[in-house]
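Good morning, and thank you for coming.

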Amino acid sequence: MDLGIAGKRAIVCAGSRGLGRGCAEALAGAGVDIVLNARGAEALGQTAHEIAAATGVSVIPVAADITTAEGRARVLEAAGSVDILVNNAGGPPPGLWSDWSRDDFISALDANMLAPIAMMQAVLPGMIERGWGRVVNITSAAVRSPIAQLGLSNTARTGLTGFVAGTSRQVAGQGVVINNLLPGLHATDRAVSLDTAAAKAQGITVEAAAARRAASIPVGRYGTTEEFGATCAFLCSRYAGFIVGQNIMLDGGAANISI
Ligand code: NAP
């Protein structure tokens, strides 16, 4: 299927690995030039090289911490005007409700709420002026089906969800479409670190913890970055113009939400 976005230009934040990389690969496969961000320059450069070699599009790596104003400024400067923005950052650590200080909450809000909001505020005026834009925010299935130990994530991401609920409807009439993708368990490094925490808590091996978590998903496995990236690319396509302000679960049916 031709997504109708060849030649467009995208920023993909936090995309040297995992879900962000899956999105960058799928967009590049659709002919989109990419400005790719992550903090670690070496892995980022390698990923950018691999995607460009596999697809023939331009992939410009910008090593920067997207949760800082300085990092965002460098990404935005390298990108210039963009048609597509994929917002992403690392997730906060798990814990108990009583663990977290004000500073912990501020860090989570910076990474998973204020950074994506700042990126949207930076690119939306240009998209509106040109009459076309797509934004996908990677949030979490925890927004619709909260995960007890991910209180920092639940808190910050529901704040972002509220911002998108209003903003997506304010810009839809000007050709700009904003949606959120809500990953359940996917096979990435983040999943391995959560498997490791679960193994420690339950006194079992990491493999046993992963198998137990996979068995809790109706499809019986973790999601793949390819599946996730393809969904992101579709939401950035010319065909997504009537999908506005949605929170789309990719969780293998794990959350028992009927509508
Ligand atoms: P991952 O495999 O750990 O990859 C994270 C990516 O983000 C890496 O490329 C990392 O590179 C980059 N990154 C992290 N912090 C950054 C920062 N401050 N600035 C720029 N880049 C940054 O994680 P993932 O599994 O793809 O998860 C992506 C997001 O989805 C996270 O917020 C996660 O909490 C959420 N999520 C994931 C799952 C899942 O099952 N995988 C489920 C629900 C929600 P550097 O470290 O080099 O910066």
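How many residues surround the ligand, and which are the closest? The ligand is surrounded by 28 residues, and the closest are Ser-16, Leu-19, Ala-89, His-186 and Thr-188. Please keep in mind throughout that this is a predicted model.

Nine of its residues are nonpolar, 13 are polar and six are charged. Among the elements of secondary structure, helix 1 (18-29), strand 2 (33-38) and helix 6 (189-202) each contribute at least two residues to the shell.

A nitrogen atom of the ligand lies 2.8 Å from an N or O atom in the side chain of Asp-65. His-186 takes part through its backbone: a polar atom there is 2.7 Å from an oxygen atom of the ligand. In Thr-188, by contrast, a polar atom of the side chain is 2.4 Å from a ligand oxygen atom. As for the ligand as a whole, it exposes 880 Å² when taken alone, and the protein buries 91% of that area.

Next, the domains. The protein is divided into domain 1, which covers 9-185 + 224-250, and domain 2, which covers 187-222. Their centres, taken over C-alpha atoms, are 25 Å apart. On the domain 1 side 11 residues take part in the contact, and on the domain 2 side nine residues do.

How much area do domain 1 and domain 2 bury between them? The figure is about 850 Å², with 59% of it on carbon and sulfur atoms. Within domain 1, the residues that lose the most area to domain 2 are Arg-17, Leu-185 and Thr-224, which together account for 55% of what that side buries. The ligand also involves both domains, since its shell draws at least three residues from each of domain 1 and domain 2.

I close with a detail of the backbone. Ala-14 sits in the loop between strand 1 (9-12) and helix 1. Its phi is near 50°, a positive value in a residue other than glycine. Most residues other than glycine have a negative phi.

Definitions and conventions: Residues are numbered from 1 along each chain as its sequence is written. This is a predicted model: local features need pLDDT of at least 70, side-chain atom pairs count only at pLDDT 80 or more; totals for chains, interfaces and linings use all residues. Side-chain values use heavy atoms; hydrogens and water are left out. A residue is near a molecule or strand if one of its heavy atoms lies within 4 Å of it. A polar contact is a pair of N or O atoms within 3.5 Å; within protein, one must be able to donate a hydrogen and the other to accept it, and residues adjacent in sequence count only if both atoms are side-chain atoms. Accessible areas come from the Shrake-Rupley method with a 1.4 Å probe; for residues, only the protein chains shown count as cover. Helices (H or I, at least four residues) and strands (E, at least two) are DSSP runs, numbered from the N terminus. Ala, Val, Leu, Ile, Met, Phe, Trp, Tyr, Cys and Pro count as nonpolar, Asp, Glu, Lys and Arg as charged, and the others, Gly among them, as polar. Domain bounds come from an automatic or database domain assignment. Contact means heavy atoms within 4.5 Å. Buried area is the accessible area (1.4 Å probe) that two parts lose on being put together, summed over both.
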